[in-house]
Amino acid sequence: MLLSCALALAADPPPPVKVAIVAPAEIVPGGTAPVAIVVSVPPGWHIYWENPGQSGLPTDVRLQAQGDLASAKGDRPRPGTPSVAAGPRFPTPIRFAADGLVNYGYEGDTAFLFDVSAPGNAPVTLDAAVSWLLCRDICVAGSGVAHATIAVLAAARAPDRSSDPVAPYVARLPAAFATSGGTVTRADGTLRLTLPGPGPFDLFPSIPLEGAWAPVVTTAADGSLLVESPLPAAPDGARLVLTRGAGASRQGYVLDLTEPRP
Amino acid sequence: MIALLAPIFVASALAETPVTAAAVGTPAPDFALRDLSGKEVKLSAYKGTTVVVEWFNPGCPFVVYAHGEGPLKDMAKKTVDTGVVWLTVNSSAPGKQGHGLETNQQAVATWGITNPVLLDESGAVGKSYGATTTPNMFVVDPKGTLVYAGALDNAPLGKAEGAPVNYVKAAIDDVAAGRPVATPTTKPYGCGVKYGS
């Protein structure tokens with residue numbers, strides 16, 4: 001009986017995961033707007049950050065935009081087609097530690113952000129595809145899709161920004177480290193970083209922090225976080241996310257490890 | 001330095017000491033474990049032969065994919081045919097996914113595994129290698145040196161980033177040709193090894 005449980009896992013109904021697109025209802029022609037792909041997992045389960053840590057798998061989030069030129073009621077579309085300009089941007093992760101392994105990921109509702117641009121006057125059709133590894137003490141792989149359409153306004157009208165459904169999700173992205181009140185220096189082959197308190201603090205590397213990468217993390221007498229690390233030979237896009245505070249006041253900050261190049 | 005982390009980090013981060021990887025280029029940790037028939041299998045008995053050590057949990061979707069339809073479907077058999085020893089180790093603790101003689105016997109029957117499947121329910125061998133995931137793969141050269149530690153390939157659940165590369169096959173080929181292993185470490189992917197707490 002036990003054996004059939006373990007091996008039949010893939011055949012059991014998977015825990016329900018929801019995928020939804022949260023987008024502004026309208027966009028101005030030529031405008032760009034953030035769009036959130038929201039993945040909701042059941043309590044007790046988690047999915048993974050772009051660096052999942054010592055096990056797991058990054059959540060793979062894709063968004064495609066297509067312009068429905070056929071419905072462009074006589075307005076001459078501008079050159080170009082709607083496009084996904086940037087993404088996904090991952091929200092600030094949390095840390096999981098179990099069975100001696102450290103992982104980075106998300107519980108509950110997680111929003112992955114893209115910027116969508118609409119060069120023409122046609123509505124923008126969005127197709128999202130997400131694949132994930134969902135884990136608690138066991139793991140289940142899964143995937144899902146979602147679709148949405150954004151209307152493109154006549155250029156003369158300003159969009160209604162009184163209720164932006166995407167704003168709460170944008171707020172979950174780590175802010176630029178420059179806004180943290182912290183300092184960063186790169187000298188003598190060393191990266192030195194401070195972040196004023198109060199803590200608690202945590203840090204999340206977007207690529208594995210190993211070997212020569214291993215940072216020395218201490219607190220100063222005034223409660224600031226101090227991080228020192230040999231300057232990593234970081235691949236393009238490598239970032240460090242630092243968090244300060246706990247609960248609702250927890251805020252993430254992201255530092256690009258490759259800019260400026262030493 | 002780890003101790004300095006303690007006062008400032010969230011409690012959950014400190015609950016356990018992370019598993020850390022065995023060093024490639026150093027002697028592979030020896031072990032003696034029992035296979036599913038109760039026979040003891042000792043790594044050092046295979047000195048003079050290249051040995052592949054595969055971490056295994058039959059309930060993990062990565063293992064289910066790799067053995068059911070992916071690269072491990074026939075890789076062990078083909079590799080053993082070239083004179084290499086392949087040892088599959090399961091470090092699931094009692095009560096955790098993938099633990100138990102019957103569970104593993106069922107997996108062996110389902111997937112036609114012909115190499116030894118070794119039970120490490122205390123997790124001691126897994127931790128001595130720093131096995132973090134299933135499948136986490138290791139290659140030991142004929143001198144007993146650990147020459148590869150990491151992922152099976154660059155294609156978790158069959159999805160490759162770019163051209164597919166089987167790191168274990170490449171390492172075995174390098175050893176057979178008397179070359180240094182070109183890619184001696186990679187980041188393993190998969191489910192966490194179900195160690196006891």
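Residues are numbered from 1 along each chain as its sequence is written, and chains are lettered from A and ligands numbered from 1 in the order in which they are written.

**Exercise 1. The confidence scores**

Task: find out what pLDDT says about chain B, and where it stays under 50.

Solution. Start with the scale: pLDDT is the predictor's confidence in each residue, from 0 to 100. Chain B averages 89, and 89% of the residues score at least 70. Now go to residues 1-17 of chain B, where pLDDT stays under 50. For that stretch the model has 26 contacts beyond four places in sequence, a contact being two residues whose C-beta atoms, placed from the backbone, lie within 7 Å. Where pLDDT is low, the predicted coordinates should not be read in detail. For the whole model, the scores are ipTM 0.71 and pTM 0.80.

**Exercise 2. One side of a helix**

Task: work out which residues of helix α7 of chain B are buried, and what they pack against.

Solution. First, the terms. Helices (H or I, at least four residues) and strands (E, at least two) are DSSP runs, numbered from the N terminus. A residue is buried if 20 or more other C-beta atoms lie within 10 Å of its own, exposed if 12 or fewer, and partly exposed in between, with C-beta atoms placed from the backbone. Next, pick out the buried residues of α7 (167-176) in chain B: B:Tyr167, B:Val168, B:Ala171, B:Ile172 and B:Val175. They sit on the same side of α7(B) because they cover an arc of only 135° around the axis, taken from the directions from the helix axis to the C-beta atoms. Their packing partners in chain B are β3 (51-55), α4 (75-80), β7 (137-140) and β8 (146-150). Finally, look just after α7(B): B:Gly178 has a positive phi of about 75°.

**Exercise 3. Into the core**

Task: say which residues touch the most other members of the largest nonpolar core, and trace the contacts of B:Val139.

Solution. A nonpolar core is a set of buried Ala, Val, Leu, Ile, Met, Phe, Trp, Tyr and Cys residues joined through C-beta atoms within 7 Å. The largest one has 106 residues, and A:Ile37 and B:Val139 touch the most other members. Strand β10 (residues 124-135) of chain A gives the largest share, eight residues. Leaving out residues up to four places away in sequence, B:Val139 touches B:Thr50, B:Val52, B:Val147, B:Tyr148, B:Val168, B:Ala171, B:Ile172 and B:Val175.

Key: Predicted model: local features only at pLDDT ≥ 70, side-chain atom pairs only at ≥ 80, totals over all residues.
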